[in-house]
Amino acid sequence: MLKEFTSLATNSIPGVIKHGNKYYCNRCGNSKQKAFYRDSLGVYCRNCLVFGKSATYSTIKREETIISSTNRCCLTKVVHLSDMQKLASQHCVNAYKNNKNSLIYAVCGAGKTEIVYEVILTALNEGKVVGFATPRKDVVLELYPRFKRDFYQVEIVALYGGSQDKGKLGNLYITTTHQLINFYQFFDLIILDEVDAFPYYNNKMLEGFVQKAKKRGAPIIFLTATPTRKLQYLMKRKKLDYFIIPLRFHRYPIPVPRVSLTTSTIQKLNKGECPKKILAWLASKKQCDKQVFVFVPDIKSGLNLEKILKPHFACEFVHAESPDRKQKISDFRSRKYQFIITTTILERGVTVSNVDVCIIGCDAEIFDERAIVQIVGRAGRDKNYPTADVVLFCDYYTREIKRAIRQIKRMNKLAKKMKLLL
Amino acid sequence: MRECLYCHQYIDKSMSFACLFNQEKAYLCSECVSKLEKVQGGCRRCGKKTTDEICSDCLYWQSLQDTNKYLVNNTSLYYYNDFAKALIQQLKFLGDCKLLLAFKPDIQAIFKKVKHNNIILVPVPLHEERLAERGFNQSYLLAKLIKLPILDIVIRNDNTKQSKKRKQARIVIDNQYQLKEEVDLTNKTIIIVDDIYTTGATIHKIARLFFNSGVKKIYSFTLFRS
Ligand SMILES: [Zn+2]
Ligand SMILES: [Zn+2]
Ligand SMILES: [Zn+2]
């Protein structure tokens, strides 16, 4: 039997309130006084303006849930965790019990999602409400069926722009970070996935969303594979409790990318040529029948590359606006063609086993440290094929390339030091 | 450090144009400032970008009986380009009235040259429902930036209360704007203030009200000319 939910009468609270002589935005959590401004009817918040006006004269609805917990939540099957995952999982539970924020820094392919299962169950069984927030809708859509399958007797709500679940009540919410704006002191635990991947809005605004969506003092668990400078700094200064998983689920090291210098790569592509080095590398992949992720900096160079390669190789270009994006990705998974050319939209999440990876024009600004680490993380995910050839084609070494390679080597070294590698 | 009101990037003080020349506080970054296109030349009566001396809009108003007498001329600050549209979007549809501060230096610079005696500013009124949504009337706030006496005596007739008793629809359209009360405006100069001058219809309607009550010098000032 499912739990029963009672919705107390929804009460309205003003969008902006005044505490003493300071304004506070109930919708986005902003308390920076500079971001408030007076108009003819009152004071409004400029921080969350893109979502419509939140002001002293506007109201937001606030729903309160009481969950009568009679049944115990559990998993539908035993989830096997590696030793490292078990430790990380225990770390999360402890952090939650001590009401402490915590960061799980796990390399791509370490199995981050399974790590938080235990802490979610612990909180749910105390009758608490848990939010799992991620910046991208794709991830919400991917996780929802997975959570539905794995959790037993848990009411799961998926929220994203255009979701059918809006207004539905549950005890586990999988939501895009933007949808957190609709919650006010609601969650007892928030798990923030891919904290480094907030491409659209500045982090400050997002921090505000999270702070006011959770109850006062409720802990946050951050998950990341590529911590931002700020998080790295907080870890170094021991200002944030953290746990590092330097190795992958299958306990093989992450492939270290190799750099191959080419000349005026992108300009050549746009003229309809492709540097010989790249063609030779791709040809060698064709010979051994290996699938390849080919990353390009932008749509224009992707289209040009596709035109150049199409006569010789089985390849497809997938970008954010391709209408048949899903189909092309699933065709690649089922090995219907060999090379998938893509922009950074596939840098996270999409996992295909036994692939090689290359970045063309890696000196472009879009390939920063985090993007490169994420892209390299696409390779060698399967325990049956843990190694891969990863090449960064670029005109010159950028600082970001160096940092990314250093980060990967550092994690491999740490894993080795901890005697964790197979 | 101050942030650009529109794009939120930090304003580099040494780069800020307004700072260097006007000793005024800069509200927009140099990049945003460069996207604003100031009105120069164009139509002699309204500033529209054209190679003719008088634009087609103005020719239309002149072709109507009496209309050409209502308005002496219109002054606009900037052309209504894509960036201006984005600003108006944030100002009116998101209700961000702080954005108006961005125009303060240029507005005050323009009005410095104007002889101040006997000038009265008349902001174009806003639909009451809009006012409740938006939280302000942008024309009124614009007028406030100018620091001249404001007379907020024009009312809009097309709000919901009126629409119930609206039986002779055509007359109502003709009387879309009305004066709240009779005021003695002899020897006064009126400047009608609005955010955008599109075809001039609104401004001519209001100018007519004042013309009919005896005001001889009627001008208009708008932020943008489309
Ligand atoms: Zn706000
Ligand atoms: Zn700016
Ligand atoms: Zn004209």
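Biologist: Where does the charged end of K53(A) sit?
Modeller: In this predicted model, the charged end of K53(A) is placed over the ring of Y44(A), 4.5 Å from the ring centre.

Biologist: Nice. And over in chain B, which residue lies over the face of F211(B)?
Modeller: That one is K216(B), at 5.5 Å from the ring centre.

Biologist: Staying with rings, how many aromatic pairs are there over all chains?
Modeller: Searching the whole structure gives 25 aromatic pairs. One of them joins F132(A) and F147(A): the ring centres are 5.6 Å apart and the planes meet at 85°, so the pair is edge-to-face.

Biologist: Where in chain A do F132(A) and F147(A) come from?
Modeller: F132(A) belongs to strand β11 (residues 130–134) and F147(A) to helix α4 (residues 137–150). They are 15 residues apart, and the pair links distant parts of the chain.

Biologist: Buried or exposed, those two?
Modeller: F132(A) and F147(A) are both buried.

Biologist: What about F186(A) and F187(A), how are their rings arranged?
Modeller: Edge-to-face, with 5.0 Å from centre to centre and 85° between the planes. F186(A) and F187(A) are both buried.

Biologist: Let's switch to metals. What holds the zinc ion (ligand 1)?
Modeller: Four cysteine SG atoms from chain A, those of C25(A), C28(A), C45(A) and C48(A), lie 2.3 Å from the zinc ion (ligand 1).

Biologist: Why is the arrangement around ligand 1 called tetrahedral?
Modeller: Because the angles subtended by the four donor atoms run from 106 to 113°. For comparison, the ideal angle for four tetrahedral donors is 109.5 degrees.

Biologist: How are the ligand 1 donors spaced in sequence?
Modeller: The spacing is C-x2-C-x16-C-x2-C. Within that set, C28(A) is in the loop between β4 (22–25) and β5 (36–38), while C48(A) is in the loop between β6 (43–45) and β7 (59–62). The two are 20 residues apart, so this pair links distant parts of the chain.

Biologist: And how accessible are C28(A) and C48(A)?
Modeller: C28(A) has a relative accessible area of 0%, so C28(A) is buried. C48(A) also counts as buried, at 0% relative accessibility.

Biologist: On to chain B. Which residues coordinate the zinc ion (ligand 2)?
Modeller: C4(B), C7(B), C29(B) and C32(B) do, each through SG, at 2.2 to 2.3 Å. The site is tetrahedral, with angles of 103 to 115° among the four donor atoms.

Biologist: What is the sequence spacing for ligand 2?
Modeller: C-x2-C-x21-C-x2-C. C7(B) is in the segment before α1 (17–22) and C32(B) is in helix α2, so this pair ties together parts 25 residues apart in sequence.

Biologist: Is there a contrast in burial: which is C7(B), buried or partly exposed?
Modeller: C7(B) counts as partly exposed, at 32% relative accessibility. C32(B), on the other hand, is buried, with a relative accessible area of 2%.

Biologist: I also noticed R2(B). Where is the place of R2(B)?
Modeller: R2(B) is found in the segment before α1 of chain B, and R2(B) is partly exposed, with a relative accessible area of 32%.

Biologist: What does R2(B) touch?
Modeller: Leaving out residues up to four places away in sequence, R2(B) touches Q9(B), Y10(B), I11(B), K25(B), A26(B) and Y27(B).

Biologist: Are C43(B) and C55(B) buried or exposed?
Modeller: Both C43(B) and C55(B) are buried.

Biologist: Last topic, helix α5 of chain B. How many residues does helix α5 have?
Modeller: Helix α5 (residues 82–93) has 12 residues and reaches 16 Å from its first C-alpha to its last, close to the 16 Å expected. Among its buried residues are F83(B), L87(B) and L91(B).

Biologist: What do the buried residues of α5(B) pack against?
Modeller: Their partners in chain B include α2 (30–35), β1 (73–79) and α8 (138–146). Just after α5(B), G95(B) has a positive phi of about 75°.

Notes
Residues are numbered from 1 along each chain as its sequence is written. Chains are lettered from A and ligands numbered from 1 in the order in which they are written. This is a predicted model: local features need pLDDT of at least 70, side-chain atom pairs count only at pLDDT 80 or more; totals for chains, interfaces and linings use all residues. Side-chain values use heavy atoms; hydrogens and water are left out. Rings of Phe, Tyr and Trp (its six-membered ring) pair if their centres lie within 6.5 Å; planes under 30 degrees apart count as stacked, over 60 as edge-to-face and the rest as tilted. Helices (H or I, at least four residues) and strands (E, at least two) are DSSP runs, numbered from the N terminus. Buried means under 20% relative accessible area, exposed over 50%, partly exposed in between (1.4 Å probe, protein chains only). A charge sits over a ring if NZ of Lys or CZ of Arg is within 6 Å of the ring centre and within 35 degrees of the ring normal. The expected span of a helix is 1.5 Å times one less than its number of residues. Contact means heavy atoms within 4.5 Å. Donors are N, O and S atoms within 2.8 Å of the metal (3.2 Å for Na, K and Ca); water is not among the atoms, so sites may look incomplete. Four donors count as tetrahedral if all angles lie between 85 and 135 degrees; four count as square planar and six as octahedral if opposite donors are over 155 degrees apart and all others between 65 and 115; anything else is irregular.
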